[in-house]
Amino acid sequence: VRVGEAAMREVAAYLLDHDGWARVPTSVLVRARHTVFCYNALRAALPQQEGARLSAGQLPLKLGSLQEFVSHECDTSEMGPGRFSVRDVHRIGILDLRLFNTDRHAGNMLVRTPRTAA
C-alpha cells in the first residue's frame with residue numbers, strides 16, 4: 001500500500017464485506033485539514049523567518065478514513081488458534097483474498113465476547 005492510499009483500502013474493505021459477513025466496521029472516506037497533520041513539503045517551502053507558520057486556511061485537505069468504534073476485549077495475539085472456529089477463519093481469509101491483503105496478523109483482528117440473550 002503506497003503512502004496516502006490506506007484510507008481507500010479501509011473503505012474498500014467495508015464495501016466488499018457484503019452484509020457484514022467478515023464483520024468489517026462501518027468505514028467512510030473523510031477530508032480534513034489541521035495544523036497537527038504532517039505537511040513537511042509545505043513547511044519546507046516556507047521562508048526561514050522566525051515565527052513563519054501555516055494557518056489552517058492555507059493547508060490542503062487530506063484524505064482519510066473514519067471507522068466505527070468496535071468495543072473489544074483484546075486482539076488475537078493474546079489467544080491461541082484453537083479458540084477460533086473454521087467459519088470465522090474462512091471469513092477473514094476470504095476477505096483478505098478479495099482485498100489482496102498481505103498485512104494480516106494477530107494484532108489487527110479484534111476479539112469480542114458474544115452477547116448472550118438474557
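Apart from its neighbours within four places in sequence, L95 touches A13, A22 and V24, where contact means heavy atoms within 4.5 Å. Together with L99, these residues form the largest nonpolar core, which has five members. Such a core is a set of buried Ala, Val, Leu, Ile, Met, Phe, Trp, Tyr and Cys residues joined through side-chain atoms within 4.5 Å. Buried stands for under 20% relative accessible area, exposed for over 50%, and partly exposed for the range in between (1.4 Å probe, protein chains only). The model is predicted: local features need pLDDT of at least 70, side-chain atom pairs count only at pLDDT 80 or more, and totals for chains, interfaces and linings use all residues. Residues are numbered from 1 along each chain as its sequence is written, and side-chain values use heavy atoms, leaving out hydrogens and water.

Next comes the overall layout. The protein chain contains three helices and four strands, arranged along the sequence as α-β-α-β-β-α-β; helices (H or I, at least four residues) and strands (E, at least two) are DSSP runs, numbered from the N terminus. Of its 118 residues, 18% count as buried. Among contacts with a separation of 6 or more, 68% come from residues 24 or more positions apart.

S27 sits in strand β1 (residues 27–32) and is buried, with 4% relative accessible area. Its side chain reaches the backbone oxygen of P25 at 3.0 Å. Beyond its neighbours within four places in sequence, S27 is also in contact with E10, V11, Y14, L66 and Q67.

Charged side chains give another view of the fold. Side chains of opposite charge can pair when their charged atoms come close. A salt bridge is counted when a side-chain nitrogen of Lys or Arg lies within 4 Å of a carboxyl oxygen of Asp or Glu, and the model has three of them. One joins D88 to R23, with the closest N and O atoms 3.3 Å apart. This pair links distant parts of the chain, 65 residues apart: D88 belongs to helix α3 (residues 86–99), while R23 lies in the loop between α1 (6–16) and β1. D88 also pairs with R91, again with closest N and O atoms 3.3 Å apart. Because R91 and D88 are three residues apart in helix α3, about one helical turn separates them. R91 is buried at 11% relative accessibility, whereas R23 is exposed at 51%. In the remaining bridge, D96 and R104 bring their closest N and O atoms to 2.8 Å. Through shared partners, salt bridges join R23, D88 and R91 into one network.

Technical notes
Polar contact = N/O pair within 3.5 Å; in protein donor to acceptor, adjacent residues only side chain to side chain.
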